[in-house]
Each structure stands twice: as structure tokens, then as C-alpha cells.
Amino acid sequence: MKKILSDEEFRSFQQAGYLICRTMFSEEETALLYKTATDDAITTNAMDFRDTTGKDTKLTLWFTPGEDAFGLMSRSERLVYAVGELLQNKPEEVCHFHSKVMQKQPLTGGAWEWHQDYGYWYKNGFLYPDAMISVMVALTEATKENGCLQVMKGSHKMQRFEHNFVGEQQGADIDFVQEAAKICELVYCELQPGDVLFFHSNILHRSDANTSGKSRWSVISAYNLSYNKPFREKHLSCIEPIRIVADSALLAAGTQQPVQVDFLKKQDEITLHVK
Ligand SMILES: O=C(O)CCC(=O)C(=O)O
């Protein structure tokens, strides 16, 4: 079977809880994804999430991957196979929980508090954190200045911490975060367009507000293994194996397919804890 990641990359992910793969998407593919991020369907379904200082980040989230550029990206062999390798399972068992476009606007884009994705997803009734992973594809450059993702290296080996609302977001219990910070190295995951960041569902991560004049846009797909059946989640994409497509499908389809997907509405997010 096709192998996407080296043994060294696999080991690095197991130890650190994250992995950066440079230029997984070409310039042409990234331009196409960026154009799709500006599609009316994405922008009109964007929700604002306020940080504690009143700054907003825009987030558009959907569950079932479609035939549009984002659907073909998250269903591509390169991502689904890589996820299968990191979660130590067959690509046929990999399911798509949700994807989201994150837009941090110049100067006004807000911060995200320290959290674990499984801190949210636990509340949807998923039992196995090791069966879940997030994959960020950079659509613009992500730097310290424009609020790139920060991770606490190795923190995925710790437990799930309690998460509570901090403004409109949920943050991990600050006492645990402070203790974890004494032990774990803080890493700024700076990315170029087309780079991909894989991160474990239990790794502590956050991002700063965008204080620069440059936007920071990315798309994050969250994956789950089919055996990890949540008992409080109404969207079924997370347990339906992905219809994998060839890597070439993205460029072949271009922008022909409209983005017609099951977008999340803000009220649902608050009750369903899916972010
Ligand atoms: O994009 C960001 O800055 C934060 C994203 C994040 O924390 C998440 O999706 O869990």
C-alpha cells in the first residue's frame, strides 16, 4: 500500500504529538483552496468567535466533505493515508468528523485559548482520543506575528483536562495548563501556504491574536476512526469511511463544483461542542 510518511515522521508524531509536512499541497492547489475559501458559501456561513479581549476569529465549519475543492482536499489519498498511518489503522477506516476554514483578519483576528480538541470532542461522547486527529492546511503563511498555532510538545501524553467556557471559547483548566507549561516545550508552528500540520486530539494548543497587517487563513480537517462511535453526536460523517479520491482530483475539478455542504450554525456549536 502507498506510504505517505517516513518512519521517522511517524515516530516524531508519536513523541511530540504533532508533525509538520512541508509543501504537501502545491502552489497551484493552495491557490485553488484559497479561492474556495473566499467563495460566498464559505463567507456567508462564517461565524465570529470572540476572544477574551473582544477580537473575533471567523470560522466556517461543515461535516460531510463534498465534491468541492475542500472536500477533495480532505478526501485526498495523501491526507487520508497519512492520517491512517498516524492513527495506526487502515485508510478505509478513516472518517471525516468536520472541516473548518479559519480566518484571522489583519490586526483584528482574535486569539484562541489553550485547549485540547478532545476537551471539546469528549463532550460529544467520543471514547478514544487516540482515534482522532486534526490536520491544518495553511492557505496563507502562518507566523508568530499573524497568530500561528502554538503547541506544547508532548502534552498529548497527558490526560484530558477539564474545559470550561472562556468568553465564547472553551479553554483547558488553567492550573493544569500552567503545570504542563513547566514541563513541555512551547513550539510555534510557523507554516508556509501548502504546508500541513498534523496534531493529536489531546495536544494542548492555542494561538495569539493577529497583530500583523497580513491575514492568516487555514483549513483544518478533523478525522476519526470508524470504531470510535460517539454517543452524543448527531452528525454521522465521523463514523462513515471517507470516499477517498486520487490526489489529482483537486486540480482536475478546479472550482467547478459549488460548496454545498452541511454547515454548522452557531447555536449548534454551543450545544454540540464540535469546534
Ligand atoms: O487556528 C487557530 O488559530 C486555532 C485552531 C484551533 O485551536 C483548533 O481548531 O482547535
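Which residues of α5 are buried? In this predicted model, the buried residues of α5 are L79, V80, Y81, A82, V83, G84, E85 and L86. Helix α5 spans residues 77–86, and with 8 of its 10 residues buried it is mostly covered. After α5 comes Q88, a residue with a positive phi, near 55 degrees.

An open sheet is formed by 7 strands, which can be followed in the order β1-β11-β6-β13-β4-β3-β2, with antiparallel pairing. At its edges are β1 (18–21) and β2 (47–50), each of which pairs on one side only. From one strand to the next, the twist averages 25 degrees.

A walk through part of the sheet shows how the strands are joined. Between β6 and β11, which run antiparallel, there are 5 bridges, and here M136 stands opposite L197 of β11. On its way to β13, β6 is again antiparallel, this time with 7 bridges; M132 has N224 of β13 as its bridge partner. Strand β13 is also joined to β4, by 10 bridges in an antiparallel run, and in this pair S99 faces S221 of β13.

How many of its residues are buried? The count is 10 of 10, so to speak a strand that is mostly covered. In a regular strand, side chains alternate between the two faces of the sheet. In β13, one side carries R216, S218, I220, A222 and N224, the other carries W217, V219, S221, Y223 and L225, and all of these are buried.

Around the ligand are M102, W112, D117, L149, H205, S207, S218 and I220. Both β12 (205–207) and β13 supply at least two residues each to this shell. By type, the shell residues divide into 4 nonpolar, 3 polar and 1 charged. Two of the residues around the ligand, S218 and I220, lie on one side of β13 together with R216, A222 and N224.

Key: Residues are numbered from 1 along each chain as its sequence is written. This is a predicted model: local features need pLDDT of at least 70, side-chain atom pairs count only at pLDDT 80 or more; totals for chains, interfaces and linings use all residues. A residue is buried if 20 or more other C-beta atoms lie within 10 Å of its own, exposed if 12 or fewer, and partly exposed in between; C-beta atoms are placed from the backbone. Helices (H or I, at least four residues) and strands (E, at least two) are DSSP runs, numbered from the N terminus. Two strands pair if DSSP finds at least two bridges between them. Axes are lines fitted to C-alpha atoms, for helices over the stretch in contact, and angles run from 0 to 180 degrees between N-to-C directions. A residue is near a molecule or strand if its C-beta atom, placed from the backbone, lies within 6 Å of it. Ala, Val, Leu, Ile, Met, Phe, Trp, Tyr, Cys and Pro count as nonpolar, Asp, Glu, Lys and Arg as charged, and the others, Gly among them, as polar.
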